Amino acid sequence: MRHGDQAALATVYSTWFDRALAMTMRLTKFDESFCLDVVQDSMLVLAKKPPKVECEAQFAAWLGRVVCRKALDHIKADKRRKKRESASAEHRSAHHAASPDLVAQLQQSMKLLKDEDAIALVLRFDKDLTLQSTAESLGITKGAAHGRIRRAVEKIGEQMKEAVTDRVD
């Protein structure tokens, strides 16, 4: 295997994969998907740089160390990812938190829209429907729904600009 024999690597892989998976599952207590990723990365280490060992016990010890190291790497990466996602969510909610004045202005702007335009906005953005689902709910084409929503958003934008200009003046 150290000399590039692919058949030897395939034999070691098939012989040790299930053992490495069982070891990872016992070690981490994580789900199978997580453990499969850890074992796959461990097997990549084996393929790239096979160990210089003399017996099966030494190989088992080497593989155990690699699995532990890769499991820790995956756990740390998962924690970093969750921390980034949490920070991103907090950032989004902090930047999207509307002031009471803004909410009142938006509500006033919605009242000035045609009913069908306001309904389209509510379906699309409040109910979180896709554009296609919004169109189907309204009984119109997707293009017509897009146009209706675009015009309504533009109208609200104009009203919001006017409100800001009035406050500045």
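**Reading pockets and helices**

Q: How many residues of the lining of the largest pocket are nonpolar, polar and charged?
A: Ala, Val, Leu, Ile, Met, Phe, Trp, Tyr, Cys and Pro count as nonpolar, Asp, Glu, Lys and Arg as charged, and the others, Gly among them, as polar. Here the lining splits into seven nonpolar, one polar and three charged residues. Keep in mind that this is a predicted model: local features need pLDDT of at least 70, side-chain atom pairs count only at pLDDT 80 or more, and totals for chains, interfaces and linings use all residues. Numbering starts from 1 along each chain as its sequence is written, and side-chain values use heavy atoms, with hydrogens and water left out.

Q: Which residues line the largest pocket?
A: A pocket is an open set of points on a 1 Å grid where a 1.4 Å probe fits, with protein on both sides within 12 Å along at least five of seven lines; lining residues have an atom within 4 Å of a point. In this model, look for M1, R2, V12, T15, W16, R19, P51, V53, C55, E56 and F59. The volume (space filled by probe spheres set on the points) is about 210 Å³.

Q: Which helix gives the most to the lining of the largest pocket?
A: Helices are DSSP runs (H or I, at least four residues), numbered from the N terminus. α1 takes it, with four residues. Both α1 (6-28) and α3 (56-96) bring at least two each.

Q: And what lines the second largest pocket?
A: Find M110, L121, V122, F125, D126, V153 and I156. That lining has six nonpolar residues, no polar ones and one charged, around a volume of about 170 Å³. α5 (115-126) and α7 (142-168) each supply at least two residues, and α5 gives the most, with four.

Q: Which residues of α5 are buried?
A: Buried means under 20% relative accessible area, exposed over 50% (1.4 Å probe, protein chains only). In α5 the buried ones are D117, A118, A120, L121 and L123.

Q: What is phi of K29, and where is its place?
A: K29 has a positive phi too, near 60 degrees, in the loop between α1 and α2 (32-48). Its relative accessibility is 69%, so K29 counts as exposed.
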